[in-house]
Amino acid sequence: MWPFAPSYPTVHAADIHHQAFDYIIVGGGTAGCVLASRLSESPNASVLLLEKGRVHDNFLSRIPLLSQNFDFPFLQSVRRDSDPIPAANGRRAALWTAEALGGATRINALLWTRGGAGEYNQWAEDHGLEDWSWDRIEPWLRKCEDVVRPRKPGFELGCIPFVEEAARRVGLPVGERVNDPGANTQGCFVMDQTVDGKGQRVSAYKAWLPMVTVRERKGLKICTGVVASRLLFNRDGTRVTGVRVREGGREYTVKTRREVIVCSGTICTPQILMLSGIGPRHHLESLEIPVLHDLPAVGQGLSDHTSVPIIMELPRKHTLHCLENAFVFFWHLLLYLLFGKGLLATGTTPRSIYVRTAALDKNTMTVRHNDDSDQDAMDVSLPRDVPDVEIMINPVNCLTVNTSGKSLFTWYTTLIQPYSRGHVKLASDDPLTDPKICYPMMTDDKDRATMRKAVRFTMRLAEEFTNTGYPHEAPLTIVPGMDLEYLDALHKPKTGLLQRFWARKKPADEEPIPVPGIDLLPRAASPSANSVLKKQQFQRPDWRTITNDEIDAYTSRVCVSSLHVSCTCRMSNNPQDGVVNPKLKVHGVDNLRIADASVFPKIPSAHTMAPVVMVAERCAEFVKKEWENKEGK
């Protein structure tokens, strides 16, 4: 908050001890903010929102570009590490989020993507969830957008027109808005970003729980800095009656008159359920946790988008690395302070390319508008046409290491319809201990095959970029076929100034997640990285001759999570296949719902903010209607 401004109204756990509320929301992230806002609209409803983090709304957290940098101090970003991943040479996935009011929307890439109609129709057709088809959910997405009001990027670098021309040359439609319901399923799209008219980040906290709203809602209490240690039940364990809360080493109890809604995210929601005795019986018994409800699907089915950066070197003026020049940075800072404009007022991804690999010609790596069976491959409403690859256009280094002195542009190649599945399990019965995460990175051979094709297509795009009349050299520098000893040397420990003062402790075999914009922070150069960058000598790679083995060796070294983890408490019509029913009620337990990315029956091709907000809006409506009907009887 600004100096001398009124403080955001929050309470301590001691203030609510033994109190009862109509609704208790566990988790004040993306979905939790939406639910707290909607359920407290009724003047007669009492709502308690529990959040582990704090508000900490500061100037840095509002600047779109800088607030994406997870390593920057004061942003409340946290990281949970997976178990070692065989497909990633034993590296661990670093799963970042923010423990703050607003959750991941305080630090995400600001991308608002709905996902296509076909994937929600797939939820209905393949999973029997008719109430979640496109026709049912699209009005709720529009309702969300009336609040968020996403915008297209306001400032673009000079390389973007050449990216669009390269996409056009390989057969992709160009220039459509990513959320246009009439757009093709494949194309090079203008991205919508959650930035307001003042150039500030629009988080779920800012959109749904601004200070003026919270002060007006007398029935709404927001308790920050607390951990929900477990749910409370009636004597026979069939109905949730409250939540046990921990703050500063002390335990407190809050009760619910109606419902508890868990919105703690894909990793922590199953953790809370299992700590409370809801989950796979054999796993809970192994930790001597009393089993109240045997629900095998809790924590299972973990899914995520996996990314591989393909990087070329461009002139500094055409990448975000131009901000490493002090004069350029202060010019854009001035633009931002005076007008809310410039590079600081935008995200790192002005365009994204969506493709369906089944529609790629394997010989020319161009996009066909009809697939092998001569069916239309561009219809956004059909489940068969859901794209399985997104290539984010990030004019910045997205490798997992600092490459100071280089001006890099990343084609961020991402699997968005993966087959691989992982799981979340408890490491102990302590709610403060992170759960064990078995991360699903290309454990299914179909994902490996898709990634190979996607990488070749990306290299084809990069080649075409150089043929568009782009007036500068644009060599591929981090790419399959490169010197792997050179690539391995890049991952040696860094000695940057900010690392010495602010870096979090990391396991020895784990690299940090690629943070778009990380090189924009002032830091000392890494001597080892710079020296090895100058020494690399290899024949320029060609998508026509690159081998599967070369692609696999490269992707194993650089593949990372795209931070869209989902599906660990998935929606289903029966308790054997999932955790919640179509109304988001936990199977077999009264007065308990879940609303976050964990309930997705299948991971969407979208960045997850928009789908999560939609789920939360629908959950609020389900809750309101049910209790209105009960009171009306």
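**Cavities, a helix crossing and a buried threonine**

Author: By class, eight nonpolar, four polar and one charged residues make up the lining of the second largest cavity. Keep in mind that the model is predicted.

Reader: Which residues lie nearest the centre of the second largest cavity?

Author: Of the 13 residues that line the second largest cavity, Phe155, Thr346, Gly347, Pro350 and Pro395 lie nearest its centre. The volume of this cavity is about 80 Å³.

Reader: How many cavities of 30 Å³ or more does the structure hold?

Author: There are six of that volume.

Reader: Next, helix packing. At what angle do the axes of H6 and H12 cross?

Author: Angles run from 0 to 180 degrees between N-to-C directions. Here the axes of H6 (residues 160-169) and H12 (residues 445-466) cross at roughly 115° and come within 8 Å. The crossing is right-handed.

Reader: Which residues of H6 and H12 meet?

Author: From H6, Phe162, Val163, Ala166, Ala167 and Arg169 meet Leu461, Glu464 and Phe465 of H12. Six residues of this contact are nonpolar, none is polar and two are charged.

Reader: Last, Thr414. Is this residue buried or exposed?

Author: A residue counts as buried under 20% relative accessible area. Thr414 has a relative accessible area of 0%, so Thr414 is buried. Thr414 is found in strand S17 (residues 408-415).

Reader: What is Thr414 in contact with, leaving aside neighbours within four places in sequence?

Author: The contacts of Thr414 are His305, Thr306, Ser307, Asp388, Val389, Glu390, Met392 and Ser562. As for Met442, 28 residues apart from Thr414 along the chain, the C-alpha atoms of the two are separated by 12 Å.

Conventions: Residues are numbered from 1 along each chain as its sequence is written. This is a predicted model: local features need pLDDT of at least 70, side-chain atom pairs count only at pLDDT 80 or more; totals for chains, interfaces and linings use all residues. Side-chain values use heavy atoms; hydrogens and water are left out. Helices (H or I, at least four residues) and strands (E, at least two) are DSSP runs, numbered from the N terminus. A crossing is left-handed if the near helix is turned anticlockwise from the far one by less than a right angle, and right-handed if clockwise. Contact means heavy atoms within 4.5 Å. Ala, Val, Leu, Ile, Met, Phe, Trp, Tyr, Cys and Pro count as nonpolar, Asp, Glu, Lys and Arg as charged, and the others, Gly among them, as polar. On a 1 Å grid over the protein atoms alone, a cavity is a set of points where a 1.4 Å probe fits but cannot get out, and a pocket is an open set with protein on both sides within 12 Å along at least five of seven lines; lining residues have an atom within 4 Å of a point. Grid points are joined across faces, edges and corners, and a volume is the space filled by probe spheres set on the points. Buried means under 20% relative accessible area, exposed over 50%, partly exposed in between (1.4 Å probe, protein chains only).
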